[in-house]
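Hi,

Here is the structure I said I would pass on. Have a look first, and then read my notes below.

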Amino acid sequence: MHCLANNIQYLRTRKSMSQRQLASQVKLSVSTIRSVEKGNSLPRLTTLQKLAEAFNYSLDELLRTDLKSQAETIPENLDGSKIRVLPIMVDEESQQEKVSLVPVKAVAGYVRGLSDTTYIAGLSHFAMPFPELSAERTYRVFQIEGESMLPVLPGSYIICEYLQDWALIRPGNLYVVVTRDDGIVFKRLYPGKEKHLLEFHSDNPEFEPYTLELSNILEIWPARGFVSFTFPE
C-alpha cells in the first residue's frame, strides 16, 4: 500500500492534476482518490485497473515499484516541457486520430521532416485495430532493421506510444528513439554516467551498449508491442 499511495500522488502531481481532476478522468469519487493517496485501504481491483490505465502503468508497477525513486535515476535535464508539438493525422469522418507508419525506407526522411505536417501527411496511416491499445492515446509504428534486438526480427514493426514527458522514461524498458545522427534505433534505455547522456542497450549480447548526448535525441517512443511477418526459425 505504501508504494501505491505514493505512486498515485507522484504521478498525479507530475501531470499537474488535482485530486478532483483525476477522479473525473477515471470516473471515481474524490474521496476514493483521497483514500488511495492516504493508503487507508487497498482499493478494489476495478479501481486499481482504472488508475493503472490512466497513468499507463501496470498494476504490478503501481503496487510494488517506487516510481518516484526510479524516475530520479533518469537525467533531470530530460525536460518534457521543451518537447515540440507532434504533428498527427485525424480521420475526417470519425475525428479519431490515425496512426502513422514509418517503414525502413522512410527513416531518413522522417528524421528530417518529423516536425513537418506535410511530410507526416505523406506517410501511410491507419486506425489501430488492437483492443489492448487505447483510442485516446497517440501511437506511431516504426519498422526496424538489423539484428541487435533479437529475438525481435529485422523488418518487424514496433508499435509505440507518444511520450510527452521524457522524465518518465523507465530504465531498462524498450524504446524507439529518433536521433539526429544515428537515425531511428530500437533499444533499452538507461541513464548514462553523466546527466547529459543516455545509455542504449541491445538485447542481442553480440552488440555492445553505447551512449548518446541528449542533444542528439529528437523523439522517444515507448514500445508497446510489435508485428512481424517473418516467423522465427
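One term before the rest: by a polar contact I mean a pair of N or O atoms within 3.5 Å, where one must be able to donate a hydrogen and the other to accept it. Also keep in mind that this is a predicted model.

With that in hand, take glutamate 219, which sits in strand β10. Its relative accessibility is 3%, so glutamate 219 counts as buried, the cut-off being under 20%. The Glu219 side chain makes two contacts worth a look: a polar contact with the side chain of tyrosine 110 at 2.7 Å, and another with the side chain of tryptophan 221 at 2.8 Å.

Those two partners, Tyr110 and Trp221, turn up again in the largest nonpolar core, where they are listed with Phe142, Val178 and Ile184 as the residues with the most contacts inside it. That core has 24 residues, and α7 (107-113), β5 (157-161), β6 (174-179), β7 (184-191) and β10 (217-227) each supply at least two of its residues. A second, separate core has 20 residues, including Ala23, Leu28, Ile33 and Leu48.

Last, helix α3 (residues 30-38): Val30, Ile33, Val36 and Glu37 are its buried residues. Seen down the axis of α3, they fall within an arc of 125 degrees, so they line one face of the helix. Just after α3 comes glycine 39, with a positive phi of about 70 degrees.

Cheers

Terms used. Residues numbered from 1 in each chain as written. Predicted model: local features only at pLDDT ≥ 70, side-chain atom pairs only at ≥ 80, totals over all residues. Heavy atoms only, no water. Core = buried A, V, L, I, M, F, W, Y, C linked by side-chain atoms within 4.5 Å. Buried < 20%, exposed > 50% of the residue type's maximum accessible area, 1.4 Å probe, protein only. Helix = DSSP H or I, 4+ residues; strand = E, 2+ residues; numbered from the N terminus. Arc of directions from axis to C-beta.
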